[in-house]
Amino acid sequence: MRRFILQRLASIVVTLWLLATIVFLLVNVLPGDVGRQILGPFAPQVEVDAFNTRLGTDKPLLEQYFQSIKRIFTLDFGDSYQSGTSVLDIILPALGRSGKLALLAFVITIPISIAAGIYAARRQDKFADRVVVNAGLASSSIPEFVTAALLLSVFAVHWKLGKAFANPPAGTSLFGQLEYLLLPALAMVFAYFGYIARMTRAGVISALMSDYTRTATMKGLSSNQVMRRHILRNALAPTITVISVQIGYLIGGIIGVEKVFNYAGLGSTMLSAVGAKDIPVLQGAVLLVGIVYMFSTLLADLLIAYLNPRVRLEVTR
Amino acid sequence: MSFTDQPSGTGMPPTIATETVMAPVAPDASPSERKQARRENWRLIRKRPAFILGCAIVFVWVVCAILGNRITPHHPLDFRGPINVSPSWDYLFGTDKTGRDVLSRVMAGARDVLKIAPLAAIIGVVCGVIVGMFMGYLGGVLDLVASRIVESFLALPTVLIGLLAITTLGNSSWVVIGVIATLFTPIVARTVRSAVLAERDLDYVTSAKLRGEGKLFIMFREILPNVTGPIIVELTVRIGYAVFTVATLSFLGAGPPPPSPDWGAQVSDNYNSIVAGFWWTTFFPALAIASLVIAANLIADSVQSVVEAS
Amino acid sequence: MTTSSSSPSPLAGQTATAAALEVDDLHVVYTVRGIDRAVLRGVSFSVAPGEAFGLVGESGCGKSTTAYAALRYLPRNGKIVSGTVTVAGRDVTSMSTSELQSFRASEASMVYQDPAQAMNPTLKVGKQVIESFTLLGQSRHEAAKSAMEALRKVRIADPARVMDRYPFQLSGGMQQRVVIAMALACNPKLLVLDEPTTGLDATVEAEVLDLVRVLRQETDAAVLLIAHNLGIIRSLCDRVGVMYAGKIVEEGPSGEVFDDPQHPYTVGLLRSLPRRGVRKTEQALSTIPGILPLIGSDLPTCVFVDRCPLADEICRTEVPPMVPVGVNGDRYTRCHHSDRVVEVDEIKPGVDITVLAPSDTKPDVLELSHVSKTFKQRNLAVPALVDVELGLAEGETLGIVGESGSGKSTLAKTMLGIESADDGGVVSLDGRAVAPATGGRSAEDKRSMQMVFQNPDSALNRAWSVRRILMRSVQKLTGIKGEEANKRVETLATHLRLTPRHLDLKPRQLSGGLKQRVAIARAFAGDPKIVVCDEPTSALDVSVQAAILNLLADLQSEQRTSYVFITHDMGVVRYLADRIAVMYLGRIQEIGPTDDVFHGPNHPYTEALLSAIPSVDGEEKVRIRLDGEIPSPANPPSGCVFHPRCPRVMIGICDVTEPPLAEVSPGHAMRCHIPVEQLIELQRKPA
């Protein structure tokens with residue numbers, strides 16, 4: 001197990017380095033003056049130069065590259081062009097707020113999806129199964145901002161449940177915050193329920209068709225006993241992978257939801273950064289999200305490895 | 001990451017349980033029987049309601065995209081109509097805050113999406129197939145390095161990168177296509193790689209090596225025809241995702257500038273009016289987006305069932 | 001007018017005691033896309049308590065379905081249409097779900113084909129065995145004790161250790177013992193075994209079968225054994241039922257049925273096996289014309305009619321009656337023409353092939369000298385082949401025999417260049433050394449040595465038509481193109497009895513036997529001098545195997561091709577090979593002419609291997625039991641690698657020095673420290 005962890009950590013280091021490189025290339029891919037490009041053709045040269053110095057884009061490319069790499073590992077993303085404050089100070093709290101929303105969404109989605117997936121798998125090809133599969137297919141096909149807009153119009157406006165502006169005022173109790181965050185979280189739930197349910201269903205179906213399930217049934221266990229004792233522990237591995245991967249897609253989706261509900265999370269921060277062409281903030285956000293994603297997949301991999309005795313006991317085959 | 005992963009379990013007692021959803025062909029079937037079986041397979045997919053529905057929806061939007069302004073009841077940019085009219089006989093989807101007919105705008109918006117999304121998906125898939133094939137077959141150091149690169153690409157959220165790219169590279173369809181294609185390539189490569197790995201150790205590949213076939217021949221003439229199934233599935237799924245992403249990006253402001261009838265842009269322009277009670281200006285473009293993505297996924301799902309059964 | 005095929009259990013009223021298992025006119029169908037396809041077409045038989053009944057047949061005959069139906073475990077699209085299954089007086093077919101559950105927990109058990117898959121990979125073995133006991137109502141504490149006892153009963157020496165392991169940490173033989181232990185936990189009235197040893201090595205298989213034999217004596221469970229290997233059935237079962245296309249065509253005491261078959265199918269089946277040491281030069285194997293019917297196809301009243309040499313009109317219209325055989329009333333056959341069975345089958349002549357000994361002017365067609373192959377795995381050096389020396393003359397067949405870890409597959413790959421031999425090893429064709437890897441060899445070399453693989457499904461490119469497969473090989477190996485190449489493809493096809501129609505099909509439209517013929521045709525596309533056959537018939541049914549073996553023998557006699565024939569089936573290798581090499585842990589332990597190897601004296605490993613094969617002919621054998629497991633090639637024992645398991649080991653010599661491969665008689669060499677005279681003495685068969 002230890003070797004596995006070390007391998008994964010090494011892999012993460014390499015991946016983060018590549019991530020930083022890709023982002024660097026993206027920002028610097030066009031030759032020429034970054035400052036000029038951002039400030040536009042009408043800005044005075046003095047300002048452009050000052051801008052470039054501040055951004056550090058007047059230094060040789062290689063030096064900028066190394067600095068970029070250093071940044072991702074020290075989490076120092078420079079200062080925002082708009083406000084001058086450290087990028088980290090801007091995006092971390094924003095990430096925290098988005099994280100709260102995401103967490104609520106997951107807390108709701110995961111149990112429901114897994115339960116639905118198991119339910120559907122046990123009734124394979126019957127009506128209930130088709131309903132779950134098709135509902136999941138449909139709901140996950142709808143972009144999050146669309147669901148958000150629909151939820152907004154139906155619940156917040158029409159029925160006056162929930163809030164159209166989802167920012168809970170400072171000091172609201174945890175329960176009170178729920179009222180604000182529920183609708184946007186629900187928009188996310190719609191989007192992710194489908195995939196997680198389908199993967200769980202696939203895992204359970206696969207386990208149901210396996211030989212060890214046959215053995216368990218032939219021993220005389222009831223189907224509930226078989227499910228509890230044998231199937232679940234084998235079927236959940238793909239679900240865990242899926243959940244961790246969804247975290248990557250989640251970020252993209254949450255931006256749309258945040259916009260619709262005017263929620264002050266990472267998404268909104270990024271959108272205003274786009275508007276102002278605030279590259280350090282954008283860069284920092286992308287890198288930070290990448291880091292979060294890598295660690296969530298690491299966690300998932302560790303969990304799966306722990307559940308899989310073959311890896312846990314480090315069998316060399 | 002396919003939406004539509006189905007399990008392949010080890011069968012229960014007799015194989016017929018997992019056997020043919022497709023028309024079974026007897027061994028020693030004559031060529032005409034074989035052709036009939038192939039036709040039957042396609043007939044079976046045509047019968048699936050999911051497939052029919054998906055194709056119907058796609059067909060409608062394709063027609064809208066091609067014929068554009070010629071078939072819209074009003075001109076999409078014509079703002080001389082009445083403002084904020086709710087859906088009625090004259091204006092089936094109502095009008096927006098500047099008096100434009102929503103139905104016409106929705107119909108015209110199909111073109112913006114269908115110009116970008118399928119192209120991006122196809123480019124991504126083609127590149128992904130090539131990369132995945134090399135990774136899967138050649139293995140070794142190439143695979144190790146490429147896998148790391150693929151993993152780091154997977155950590156990049158498409159929408160965020162899209163926003164970053166728009167900021168640095170400007171707001172054009174080609175940037176969007178480029179971003180989507182580049183970010184899809186590693187995803188497709190991963191799928192193709194696993195399919196290729198499953199084929200690589202099969203004996204027909206060894207037999208080819210014993211004949212002295214070169215690597216490129218083996219990759220693209222021997223192995224590739226056997227992995228077209230997963231590739232087609234991946235293509236249809238990617239198109240769905242591409243529509244999804246394009247819509248999201250244009251909703252977030254990265255799409256064509258106003259007064260374009262692009263769907264995402266329409267939602268973006270009008271969602272604030274929902275609070276005021278004008279729901280139709282958001283609802284119908286949103287529905288359009290949803291319908292196209294669902295259609296793509298329905299098709300992908302049907303194709304996957306067919307591929308798996310054969 | 002066809003009469004219904006309902007019939008009472010043929011030997012009803014035979015036994016005074018209630019049958020442990022009684023299957024009465026069972027019809028089972030699978031529903032595929034709305035159409036019901038018949039799988040069992042009226043199967044009836046009974047098994048008394050303490051009796052072992054074997055069901056034997058080729059693929060698609062329905063034997064597995066019958067076994068699962070006995071415990072009413074059918075796939076989702078399977079259903080019992082009519083008929084009953086009664087176990088110890090209880091009607092299984094009409095039980096409710098909960099009754100079925102308790103039935104399976106306490107009255108009947110099953111042992112499956114792939115023990116590795118049969119256990120939950122994420123639970124410890126102990127927990128799974130204990131589960132079998134808690135289901136009987138025992139407390140956890142009692143169940144744990146019972147579990148230990150159960151493992152001891154299946155001859156597991158250290159039950160505590162095994163219970164603490166996960167399934168993947170156990171060897172195949174050990175896994176199957178655990179599954180058997182779980183099956184016997186409830187002291188069942190009926191024990192069903194479905195191909196319990198398929199996939200296990202010969203010596204391990206023999207151990208498991210021995211175990212079953214011993215355990216049978218300790219319980220009075222009725223045993224239903226499903227197998228395609230007739231030797232296993234004979235050695236373990238009192239009675240046998242031969243199945244074809246969902247019906248039992250012949251039933252009776254196993255010895256009698258195999259020695260004197262009465263149904264045309266049984267006759268054909270037994271004659272297609274190489275039995276009693278027959279060689280290819282003496283006679284060709286019998287084949288049954290036609291192909292096995294697909295599951296669920298529509299068949300006339302006698303299911304065998306399309307392939308039967310005795311068939312006539314009546315067979316198509318009337319259900320064949322059950323004709324009793326012999327005087328004891330415990331045998332019958334289902335045939336209209338049982339009196340004419342002797343007409344079935346004449347002996348066909350064997351092939352004529354003289355193998356010329358190598359001489360100075362004509363070197364060996366293939367020679368391996370000091371060939372070793374070591375794999376690097378993560379810091380470990382795994383020697384898969386160690387110092388192999390062999391030669392192959394023109395027109396000769398060299399059989400390579402061995403269990404897992406023996407290195408026989410690696411040997412094939414090294415010969416062909418798929419793997420490169422370690423430095424110092426030389427592979428020579430016609431006296432010239434060739435490059436160790438295929439890539440470095442000349443086109444001429446590639447053309448002279450080709451391969452036929454074990455699994456025809458993976459050996460042919462599914463996306464190519466047969467014509468393209470053959471065409472490409474012809475073009476690439478011979479350089480011929482265009483119309484000439486086309487002609488050559490057609491000649492090849494005719495030679496291998498493939499019709500022009502077959503050429504336009506894709507592999508998945510062909511049966512296993514046909515696919516293998518295409519694979520052989522492909523190997524012969526360039527007129528090779530040597531064809532390496534890696535278990536070419538292991539994946540095929542017995543009757544199909546016979547046709548392929550005949551084909552290979554014919555081709556060899558015409559083209560004077562040499563074969564390296566790798567197999568684990570001793571009957572087949574005895575039939576086809578001129579010389580045999582026995583491998584263990586990467587080393588050749590014994591090599592010599594076939595007759596010498598089968599006659600003796602033998603290396604102790606060969607001796608054990610030969611004694612492990614269950615014989616269809618009911619030959620008496622002295623069973624040599626090998627202790628322990630086959631060691632991992634990464635960790636070979638010191639000295640003679642076989643010494644830890646050798647029943648004739650001489651401590652002090654065998655564990656210290658590795659014996660060289662030394663000749664014991666002309667052409668016959670062994671790697672053993674024991675002097676050959678002593679071996680002859682020790683291995684002398686009891687008079």
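From the N terminus on, chain B runs α-α-α-α-α-α-α-α-α-α-α, which amounts to 11 helices and zero strands; helices (H or I, at least four residues) and strands (E, at least two) are DSSP runs, numbered from the N terminus. The model is predicted, so that local features need a pLDDT of at least 70 and side-chain atom pairs count only at pLDDT 80 or more, while totals for chains, interfaces and linings use all residues. Residues are numbered from 1 along each chain as its sequence is written, and chains are lettered from A and ligands numbered from 1 in the order in which they are written. The model scores ipTM 0.86 and pTM 0.86.

In chain C the mean pLDDT (the predictor's confidence in each residue, from 0 to 100) is 88, and 95% of the residues of this chain reach 70 or more. Over residues 1-9 of chain C the pLDDT is below 50, and this stretch has 20 contacts in the model beyond near neighbours in sequence; two residues are in contact if their C-beta atoms, placed from the backbone, lie within 7 Å. Residues 12-16 of chain C also have pLDDT below 50, with three contacts beyond near neighbours in sequence. Where pLDDT is low, the predicted coordinates should not be read in detail.

Of the 310 residues in chain B, 51% are buried. A residue is termed buried if 20 or more other C-beta atoms lie within 10 Å of its own, exposed if 12 or fewer, and partly exposed in between, with C-beta atoms placed from the backbone. Among contacts in chain B between residues at least 6 apart in sequence, 70% join residues at least 24 apart. Helix α2 (residues 49-67) and helix α3 (residues 102-138) of chain B pack at an angle of about 95°, with their axes 7 Å apart. Axes are lines fitted to C-alpha atoms, for helices over the stretch in contact, and angles run from 0 to 180 degrees between N-to-C directions. The helices α2(B) and α3(B) are therefore roughly perpendicular to each other, given that angles under 35 degrees count as roughly parallel, over 145 as roughly antiparallel, 65 to 115 as roughly perpendicular and the rest as oblique. Helix α2(B) contributes B:W61, B:V62, B:C64 and B:A65 to this contact, and α3(B) contributes B:M107, B:A110, B:R111 and B:L114. By class, the contact of α2(B) with α3(B) has seven nonpolar, no polar and one charged residues; Ala, Val, Leu, Ile, Met, Phe, Trp, Tyr, Cys and Pro count as nonpolar, Asp, Glu, Lys and Arg as charged, and the others, Gly among them, as polar.

The contact between chains B and A takes 48 residues from chain B and 53 residues from chain A. On the side of chain B, α4 (140-154), α5 (158-169), α9 (228-251) and α11 (280-309) each supply at least two residues, and α5(B) gives the most, with 11 residues. This side of chain B has 31 nonpolar, 13 polar and four charged residues.

A:Y293 lies in helix α12 (residues 279-307) of chain A and is buried, with 23 other C-beta atoms within 10 Å. Leaving aside neighbours within four places in sequence, A:Y293 is in contact with A:I247, A:G248 and B:A155. The C-alpha atoms of A:Y293 and A:G248, 45 residues apart along the chain, are separated by 6.0 Å.

The contact between chains A and C takes 17 residues from chain A and 20 residues from chain C. Helices α9 (211-219), α10 (223-260) and α13 (309-312) of chain A each supply at least two residues of the side that touches chain C, and the largest share, six residues, comes from α9(A). This side of chain A has five nonpolar, eight polar and four charged residues.

Chain C holds an open sheet of four strands in the order β2-β1-β4-β5, with antiparallel pairing; two strands pair if DSSP finds at least two bridges between them. Strands β2 (35-47) and β5 (90-91) of chain C stand at the edges, each with a single partner strand, so one side of each is left without a neighbour in the sheet. Strands β1 (residues 21-32) and β4 (residues 78-87) of chain C pair in the antiparallel sense over eight bridges, and the bridge partner of C:H27 in β4(C) is C:S82.

Eight of the eight residues of helix α11 (residues 264-271) of chain C are buried, so this helix is largely enclosed by the rest of the structure. The buried residues of α11(C) pack against β9 (239-244), β10 (247-253), α10 (254-259) and α20 (542-559) of chain C.
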